[in-house]
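Here are my notes for someone opening this entry for the first time. Have the viewer ready and follow along point by point.

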Amino acid sequence: MSSFNLACTESERFCEQSDPEKYVLLSSSFPQQRLRSSHCRQRLYFATGLGLIQCVKGLMSFEDKDLLAAINDTKHGIAVASAHRKRPSSFAGRLAGYIVPSLSTSGTEWIAGMTPVERHAELVYAESLYQKSLLGIVYSGDWLAFIREVANSSSVAHSPLPSPEQTSTRDLTSPPSNATSSPTHPYLPSPSIDPHFRSGVYLGLGMSHLVLSMMPGKLLALVELFGYKGDRKFGLELLERAGGWGANGRVVEKEAEGVRRAICDMSLLIFHLVLSAFTFEGVDVRKAARVLEWNLKRYPNGVFFLFGAGRLALVRSQPSKALVYYARAAQAQTQYKNLHHISWWESAVACLGLWRCVFCVLVWRGVLVEGSAGWWSKATYTYGEAACLATLGEHTEAKKLMERVQGLRQKIAGKSIPVEKFVARKARKYLAQSDRLLLPALELAYVFHAIAHAPREVIVKEMIPALGGALGELGKGKKLESRSGYWDDVCLARFLEGVCWRFVAYPDPDAELEPDEKIPFSSEDARTYSERAFRAVFEHGPSIELDHYIVYYAHFEYGRLLARSGNKDGARTQFDLVMSGKPLEVNAAGRKGKYSLENALHMRTHAALEALDQNRLL
């Protein structure tokens, strides 16, 4: 038995020996309620808890054995929850519910008639069903299985849990207007609904709205025709209620919190600190910092909150500080090696932001050494090490790794992972060009948003000089222009140059600049250099042979530059070009199918257009 499973077994035994009468719902609220089996794996929250742990493990590794184990444990959780759900009425009773609301088998009236155990069983059932569908989508290897699991997941929305409209009329997620709130919980005016169930409703409804709100507008409008809604503001508000983050600064005390409060907090951190790379609406880094500060005081060695602290430092353009937190997160636990890979991944991005290619090689290599525990993306880790080695001139080792990248690719629901498709293309290009790529580590730094979060001194003193050297080599003679891939290299160098100068001129809005920072260029000069570089990309774009994505991303970044300099109309023009679907490189005859990372660019461009309308900084 692995140490991970052993730890779970020890936890179960500890809970059973410490408080067997009260542990049914992880709360002392219902000591009189006992489940039908004394075995810990038949207890409601042990069954779903183990399923959740295995779900995280499977999604972290993508290994078939982990995904299958998670699916089996989740099925067990569904079975346990089903055994304790409120029995539905007869067919005649369900039919009568359509006429008389009080007889309905869904909604708040149905839930109000449940016992506490039945109510939690209903919540756990919906959560476990969603976990199973998510795992099935990841595990399925063909479109038929994928469609089946999507259909299964849609049934979660039709569970008897309250909808947003119903919660506004009953005390489930919103307090009555005449209620007096609790001194420890600003959203707990009545003891009729326990905080654990309440936090579950916050989590389920909040995440549903948040996920659906991430969809493009046209797709969301289609989804809403089937009864689904995606209100981002409402979704974030529900997640914040679990901890009291949106209640006039009144934080929920731990005595009054629900068992899912930590998951709600982590969901908020993921949105504000991770998904903020692809969207702007609703993002509040300051609120994320507040959530982190409170949780780190309570869980100073909490691995997920240490990840969050590292990510917050990175978003604030403090990669050196981020590395400290990621190192602490890796040392916080040794039972689950796959969690270390988050630390390695984020540490590699931070090293790219500091332009420390040597350290970055060691970080990627650290993941490969621990490969027996399973990797999130074997192809990306391998290419990351190879790209840094190639940038350092270590082509013998780089070539061996590049040759392995294609064979390490994985699929989700029968579809390739976009970033793996990108690195596989770059690896093939490296081998086809006789072991040559132009600054592949810096290109990877852009893809992973490391340049955006790099200190300006690093950009000016390290990255821009490296690009200057590469451009100097490309301009040494006319003979090079006839070389295959020459204009790809020129456009890539100019594009990365434009991006670097853009962040020198206008740092990321959430960056916290060092007070003693010394930049020998004015913002106006940096803006001019950036614009000149992007225009060079547009000029030479028709000559690109393979890396067509450069032109499209150049229009996007040029639009962001114009937006920050006050030219919103010019910015909108650039964003509209990206979203138009037209071949912007003019000579599109050589491009087959989509360009690299196209969907990610459309998502970011759509968010940028929304940010322009909301006067948010880009």
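1. Start with Thr-74, which you'll find in helix H3, residues 64–84. Bear in mind that this is a predicted model. Is Thr-74 buried or exposed? With a relative accessible area of 1%, Thr-74 is buried, since anything under 20% counts that way. Setting aside neighbours within four places in sequence, Thr-74 is in contact with Gly-51, Ser-128, Gln-131, Lys-132 and Leu-135.

2. Now look at H3 as a whole. The helix has 21 residues, and at 1.5 Å a residue they should span 30 Å. The end C-alpha atoms of H3 sit 31 Å apart, which agrees with that expectation.

3. Next, hop over to H2, which covers residues 44–61 and contains Tyr-45. Tyr-45 has a relative accessible area of 8%, so this residue is buried. Its side chain makes a polar contact with the side chain of His-120, at 2.8 Å. Along the sequence, Tyr-45 and Val-80 are 35 residues apart, while in space their C-alpha atoms are 9.3 Å apart.

4. Is Arg-261 buried or exposed? Its relative accessibility is 2%, so Arg-261 counts as buried. What does its side chain pair with? There is a polar contact with the side chain of Glu-257, at 2.8 Å.

5. Staying with Arg-261, check the surroundings. Not counting residues up to four places away in sequence, Arg-261 touches Ser-199, Ala-242, Gly-243, Trp-245, Val-251, Val-252 and Trp-294. Gly-243 is 18 residues from Arg-261 along the chain, and the two C-alpha atoms are separated by 6.2 Å.

6. Then there's the second largest pocket, with about 640 Å³ of space. Its lining comprises 31 residues, and Ser-276, Phe-280, Asp-508, Pro-509 and Asp-510 lie nearest the centre. By type, the lining residues divide into 16 nonpolar, four polar and 11 charged.

7. Which helices supply at least two residues each to the lining of that pocket? They are helix H13 (285–298), helix H14 (303–315), helix H23 (486–505) and helix H25 (549–564). H25 gives the most, with three residues.

8. Last, a backbone matter. Asp-435 counts as partly exposed, with 23% relative accessibility. Leu-439 is in the loop between H20 and H21 too. Leu-439 also has a positive phi, near 40°, again in a residue other than glycine. With a relative accessible area of 14%, Leu-439 is buried.

Notes:
Residues are numbered from 1 along each chain as its sequence is written. This is a predicted model: local features need pLDDT of at least 70, side-chain atom pairs count only at pLDDT 80 or more; totals for chains, interfaces and linings use all residues. Side-chain values use heavy atoms; hydrogens and water are left out. Buried means under 20% relative accessible area, exposed over 50%, partly exposed in between (1.4 Å probe, protein chains only). Contact means heavy atoms within 4.5 Å. A polar contact is a pair of N or O atoms within 3.5 Å; within protein, one must be able to donate a hydrogen and the other to accept it, and residues adjacent in sequence count only if both atoms are side-chain atoms. On a 1 Å grid over the protein atoms alone, a cavity is a set of points where a 1.4 Å probe fits but cannot get out, and a pocket is an open set with protein on both sides within 12 Å along at least five of seven lines; lining residues have an atom within 4 Å of a point. Grid points are joined across faces, edges and corners, and a volume is the space filled by probe spheres set on the points. Helices (H or I, at least four residues) and strands (E, at least two) are DSSP runs, numbered from the N terminus. Ala, Val, Leu, Ile, Met, Phe, Trp, Tyr, Cys and Pro count as nonpolar, Asp, Glu, Lys and Arg as charged, and the others, Gly among them, as polar. The expected span of a helix is 1.5 Å times one less than its number of residues.
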